[in-house]
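I open my notebook on this structure today. I will write down what I look up, one topic at a time.

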Amino acid sequence: MFQSEFEAMERTELERLQEKRLREIVTRVYHHVPFYRKQLDERKLSPDCFRGLDDLPRLPFTTKKDLRDHYPAGLFAVGMEEVKRLHASSGTKGKPTVVGYTRRDLQSWADVCARAIVAAGGKEGDIFHNAYGYGLFTGGLGLHQGAERLGQTVIPASGGNRLRQLSMICDLKPRGIAGTPSFILSLGETLAEMGEDPRETSLEYGIFGAEPWSEAMREKLEDLWGIHAVDIYGLSELTGPGVAIECWQAKDGLHIAEDHFLVEVIDPETGERKPDGEIGELVFTSLTKEAIPLLRYRTGDLAAVVREPCRCGRTHARMSRVKGRIDDMLIIRGVNVYPMEIEPVLMRKSHLAPHYQLIIEKRGRLDELTVEVEVTEAVWQQLGRNAAHEKLKALTKELASEIKDLLGLSILVKIHAPKSIPRSEGKAVRIIDRRMTAGS
């Protein structure tokens with residue numbers, strides 16, 4: 001562990017620390033963020049009468065809309081002279097959300113990212129290949145500073161440019177790598193096409209996130225590269241990467257840095273808290289953030305939380321893989337569909353390449369879902385490069401039947417030639433919704 005005094009803290013001691021820090025955060029936002037002062041006054045929850053963890057359900061929720069409504073810095077608890085860095089979301093669904101970091105915030109962020117890298121199997125002295133994007137996106141700089149805090153040598157490769165990335169991996173011999181799973185998968189495929197075995201590189205562990213991925217994708221990555229592949233979780237509104245990560249020993253839930261982030265799981269419809277082990281919406285409260293501390297931030301991510309200690313020795317709560325996002329749920333002819341439900345079915349088909357897209361279109365008055373995939377090069381050769389081959393038709397029918405059994409919904413399946421699905425240069429584009437562009 002990087003900070004065992006925190007990561008392996010006894011539960012009662014951890015809760016005392018959380019209690020202390022929660023009181024401090026409530027006091028901070030009450031006195032420095034007018035938005036929260038108004039909310040707390042309405043609930044008669046001034047710092048003097050706030051009881052700590054027992055009063056957590058009485059605190060107001062915060063949403064992405066609140067950040068956008070107070071764009072750019074209306075929720076900041078410090079003046080801009082204390083802010084040492086700014087990051088922002090892409091703003092693809094409206095105004096971007098801007099987040100700031102004080103000097104101490106950056107130190108805390110480096111600490112949790114260093115913890116994450118150690119949990120993944122990293123150690124001081126490693127060379128670390130960072131293929132997350134640099135810039136306003138928090139991924140690249142977040143893990144970069146964590147690796148440096150741990151004492152690693154960082155290759156700031158960023159995203160894209162596969163051939164140059166592969167050259168650096170082969171020549172500089174990093175032990176660890178980080179990036180989106182779809183991009184690192186495509187890197188390995190490109191290396192294999194060049195006649196090299198990705199399993200023969202120096203890589204031993206990989207940290208993957210920034211897009212949903214399944215256990216079946218983990219198997220693909222580990223088999224392709226011969227590494228331990230672990231899932232990392234974070235979001236810019238809280239800090240960026242480092243909120244939670246799997247350990248390489250167990251790969252059984254993501255360890256949440258509970259001394260920095262207080263976690264709840266709620267029913268997304270009612271807002272009521274759900275018991276441990278049940279899936280609901282993740283809600284986090286910042287416990288140490290100075291620049292923009294958030295109370296009960298609704299992430300929109302669906303997962304479950306358990307609090308039993310892990311066999312790796314860490315005692316903090318663990319969250320499941322994110323099962324999907326509330327706003328990513330597709331409603332197709334009255335059936336709720338989460339894209340991540342489909343991925344494991346596709347990934348376990350040996351004749352399919354691990355790349356796919358889901359296309360939603362309006363056909364008459366009904367929505368239609370099409371799953372587009374591609375066969376491997378080996379299968380394509382066997383079929384004589386014949387897209388109309390009877391075996392391909394049978395594979396298409398079989399896959400459509402399996403997905404129908406899974407979803408309870410008839411869908412279309414199109415199996416294409418190799419390299420027909422666009423490869424990721426960062427986050428994979430899995431869903432293409434053509435209903436709005438069609439004017440429906």
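Which side chain meets Arg298 in a salt bridge? I looked it up in the model, which is a predicted one. The partner is Glu281, and the N to O distance is 2.7 Å. I then checked where the two residues sit. Arg298 has 22% relative accessibility and counts as partly exposed. Glu281 is at 4%, so I noted it as buried, because buried means under 20% relative accessible area.

I searched the whole structure and found 45 salt bridges. I picked out a few.

One of them joins the side chains of Glu204 and Arg175, at 3.1 Å from N to O. This pair links distant parts of the chain, 29 residues apart. Glu204 is in the loop between helix 8 (181–193) and strand 6 (205–208). Arg175 is in the loop between helix 7 (162–172) and strand 5 (176–179). Glu204 is partly exposed, with a relative accessible area of 40%. Arg175 has 18% relative accessibility, so I put it down as buried.

Another pair is Arg273 and Glu264, whose side chains meet in a salt bridge of 3.3 Å, N to O. Is Glu264 buried or exposed? I found 2% relative accessibility, so Glu264 counts as buried. Arg273 is partly exposed, with a relative accessible area of 44%.

I also came across a network of salt bridges. It links Arg11, Glu15, Glu258, Asp276 and Arg307.

**Entry: cysteines**

How many disulfides does the structure hold? I counted zero. Cys49 is partly exposed, and its relative accessible area is 36%. Cys170 is partly exposed as well, at 31%.

**Entry: the second largest pocket**

I turned to the second largest pocket and found about 430 Å³ of space in it. It is lined by 18 residues. Closest to its centre are Glu189, Leu224, Ala353, Pro354 and Thr376.

Which elements give two or more residues to this lining? I listed helix 8, helix 9 (215–225), strand 18 (352–363), strand 19 (366–375) and helix 11 (377–382). Helix 9 gives the largest share of the lining, with four residues.

I sorted the lining of this pocket by residue type. Eight residues are nonpolar, one is polar and nine are charged.

**Entry: Glu211**

Last, I followed a single residue. Where is Glu211? I found Glu211 in the loop between strand 6 and helix 9. Glu211 is buried, with a relative accessible area of 10%.

What does Glu211 touch, leaving out residues up to four places away in sequence? My list has Thr180, Pro181 and Ser182, and also Gly426, Lys427 and Ala428.

Glu211 and Pro72 are 139 residues apart in sequence. In space they are 25 Å apart, C-alpha to C-alpha.

Conventions. Residues numbered from 1 in each chain as written. Predicted model: local features only at pLDDT ≥ 70, side-chain atom pairs only at ≥ 80, totals over all residues. Heavy atoms only, no water. Salt bridge = Lys/Arg side-chain N within 4 Å of Asp/Glu carboxyl O. Buried < 20%, exposed > 50% of the residue type's maximum accessible area, 1.4 Å probe, protein only. Disulfide = S-S within 2.5 Å. 1 Å grid on protein atoms, 1.4 Å probe; cavity = no way out; pocket = protein on both sides within 12 Å on 5 of 7 lines; lining within 4 Å. Points joined across faces, edges and corners; volume = space filled by probe spheres on them. Nonpolar A, V, L, I, M, F, W, Y, C, P; charged D, E, K, R; others polar. Contact = heavy atoms within 4.5 Å.
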